[in-house]
Amino acid sequence: MKLRFLWQKRKSIIFTWLISYSAVLFIPMIMSMIVYSQSSEALKSEIHRANDSLLKQVRYSIDTQIDLMKRLNMEITWNTKLQSLMYSTKPSSEAQFLAYQLAKEFRMYQTSYATIDEFYVTWDQESSVLRPGNIRDRETAFDTIHRTGALRYEQWLDMINHAPNNAFLLLPHADSASPQTSIAYITHLPKDLNGKQTGTVVVMADLERFQKAMESVSWFNGGQLLILNHDNQVLMSNVPVTGDENLMLEQLLDGDHVMVTSSGNGDSELFYIQSAVSDLKYVLRIPSNMYWQKAEYVRKFTYVSILISLMGALVLTWFFLRRNYSPIQQLVQSLSDKNSSEERTDWNELHFIQKAIFNTRSEKEQIALQLKSHHNVLRSNMLSRLLKGRLDTLISYEEAFKSFHIELKSDQFAVILFAVENHESLYSNLPGMDMNERRKMIPFIITNVVEELVGQRGHAGYVAEMDDMLACLVNFTETEDADLKEDLGWIAAEAQRFLTRFRMDLTVSIGGIHSTLSGAAEAYQEAIDAMEYRMVVGKREIITYDDIRMDTADTLQLGYYYPLQVEQQIINLIKAGDFDRASAFMNEIIERNTNKPFVSLTLAKCLIFNLVGTMVKAMNELGDGDSSILGDNPLWMDKILACDTLQEMQHELLTLLKEVCAFAAAKAESNQSKERAETLRNLTAKVIKHIEEHYHDPNLNVNTIGERFELKGSYVSKLFKEQTGEGLLDYITKFRIRQAKLMMANKQDSISDISKVVGYNEVATFIRVFKKYEGITPGKFKEMN
């Protein structure tokens, strides 16, 4: 039984490893050569490690000084007195006193940070410099701190004002002994509320303090040590920098790194390390020939290694065999627990693990197939969140796009919105399907058609269900904006035309073109806004956001045209029962407002409600507050509110108007005899004819007309208003204005001549009356026509 078990275990990986490790016993010389060939690399690696350790020691020493500079800089920056000085609007005297207190407080910082050789704050508002214990103007402070001949005053100002924030730079430092160069840490204070620069904090430490930390490394192997800032500018070096060093520094990468470079003096090794507290880099350069000075030592060490390898081969083979096999044995046992009731037939551990992995991958593929079946729903949900501006997702949209095989062609996006206007009739045309399948079929058809049309224009389109509509996110290729708008219009028109084959009535809205993913949400909102305008333009139309967008410079869009005198005139016509003229006036008001380029939806609804209110006022003035007309139509207001478009509202409004006018006419007929009505109509016709024949007479008025018909002017005006719903004087004025507009349309006569022709001796009077009734001056009207 034991022999049988051992025979089965012959396929185990442990036997293969045993043979492999035993090969060490037969090829010691080969191992020795390998050791020798690798010894030089090992030596180099050890030297790298040693130099890296020394470089880290230097980093620790220098970072300590840098950290002190940054801490002092932060304490100064957040000093409450400094904040109050820089960002308050105190009088100059109080500000100077506060600056004096701040300079005294800087002395405490000078004592606390003894290793900081110099620090100051520029005060841009007063063109001054705050130092420990004193305040100086900029030029005096420059002479005191930096006047060594190495830097001009203008250069210093430019460096202080335009240096990057939190940057390390070299600045000259003039002290009592001899001019020195210092490493300066520069921080710009935040700008004030007006966006102006307030000041800059400068903390300086002389290079002497950094030189001491570099001496131990520079002695090691005669290397060269440099300190670089964020832009790889050399702040300090223990030996002069040559052109070769500059070339090497340009090749520096981020992070710790070692590289071999060639120079005029032979190959060299370049080590560098990032500062732990700042963006400085510390670079060490040492000659390559130092590695081969110990080559003889390596050769002797190789001979010793041969003997050691022969003696320890057996022990190491057994040790590593058990150590390496143990995790595989544990892995096999963990995988075997699932099928413990079954007897193992495969004694090769790797084959067993491979089979287990294959089974796991099969399960994973089955899960992937299930996810793929929900692909469209998940993609639609993702696009829906994107279009609604939800960018704070757990998984970035870039990763989501990869999951759904969405490739962005550019960063320009637009949204086309599709609303199906005849859902109910479509469902009835799809027999043999339940309601759920019918609802899925319509989006499926629209999605395939629209995405295909977008692809024909060279762009990418992705359709998602958004509430009761379908939104297509269009990702453009790089093209001119004018061409992109033309493509959007073609896609919308072609989709609308093609889907009529499936008896679909679509209203399409198009948003603007925007950049970045956040712009896609803005484009969707614009498409929503455009879709709402189907109330004005009607269903089954293509509405572009650029066409309905309100222009802030267009002051005519701040309200709608429906003056009180026109409303009163409509009320009079309703009371007179004149449906034809009342409906003509209402249609004219609606057309005049809706023909504007950009009409507000709110104002359009307000206009309809105002017209409804006009009819209610007319009924009340007829003395029928509890009118049977309105009582017989209890849902008349609900019918108007239920309309989807302005045209439907207008139709319902005119239907109600017809009933109201019929009721008013019947009531008017009952209040006067037919004979009197006929007489009044004849009188009205004669008055109108008289006005048309004598409108050019400046003396034409209510009294002269009354004299002409041997009646009082006020009585004639009253009779005229009862018949026409309009005052006699208003009719004269409007008739004159209509004649003036006809003459102005020819653009031949001047405004002065036209005013005299239509019965106005004073042109100012004509202009005032014209503007009152038309809303604009005659000159403006003439320019427009």
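Helices here are DSSP runs of H or I with at least four residues, and strands are runs of E with at least two, both numbered from the N terminus. The model is predicted: local features need pLDDT of at least 70, side-chain atom pairs count only at pLDDT 80 or more, and totals for chains, interfaces and linings use all residues. Residues are numbered from 1 along each chain as its sequence is written, and side-chain values use heavy atoms, with hydrogens and water left out.

The protein chain has 32 helices and 17 strands. Of its 785 residues, 42% are buried, where buried means under 20% relative accessible area, exposed over 50%, and partly exposed in between (1.4 Å probe, protein chains only).

Helix α10 spans residues 295–336 and contains F320. F320 is partly exposed, at 33% relative accessibility. Together, L316, F319 and F320 make a nonpolar surface patch of about 280 Å². Patches are made of residues with over 30% relative accessible area and no salt bridge; like charges are joined within 9 Å, and nonpolar side chains (Val, Leu, Ile, Met, Phe, Trp, Tyr) within 5 Å.

H146 sits in the loop between α6 (138–145) and α7 (153–162). This residue is buried, with a relative accessible area of 0%. Beyond its neighbours within four places in sequence, H146 is in contact (heavy atoms within 4.5 Å) with residues including A141, L171, P172 and M204. Its side chain makes polar contacts with the side chains of Y120, at 2.8 Å, and W156, at 3.4 Å. A polar contact is a pair of N or O atoms within 3.5 Å; within protein, one must be able to donate a hydrogen and the other to accept it, and residues adjacent in sequence count only if both atoms are side-chain atoms.

Eight salt bridges are found in the whole structure; the term means a side-chain nitrogen of Lys or Arg within 4 Å of a carboxyl oxygen of Asp or Glu. Three of them are tabulated.

| Salt bridge | N to O distance |
|---|---|
| R138 and D124 | 2.8 Å |
| D143 and R147 | 2.7 Å |
| K741 and E774 | 3.5 Å |

R138 lies in helix α6 and D124 in the loop between β1 (118–123) and β2 (128–131), so this pair ties together parts that are 14 residues apart in sequence. R138 is buried at 16% relative accessible area, and D124 is buried at 17%. By contrast, D143 is partly exposed at 34%, as is R147 at 40%. The salt bridge between K741 and E774 links distant parts of the chain, helix α29 (residues 728–746) and helix α31 (residues 763–774), with the two residues 33 apart.

Technical notes. Areas by Shrake-Rupley, 256 points an atom, 1.4 Å probe, with all protein chains shown as cover.
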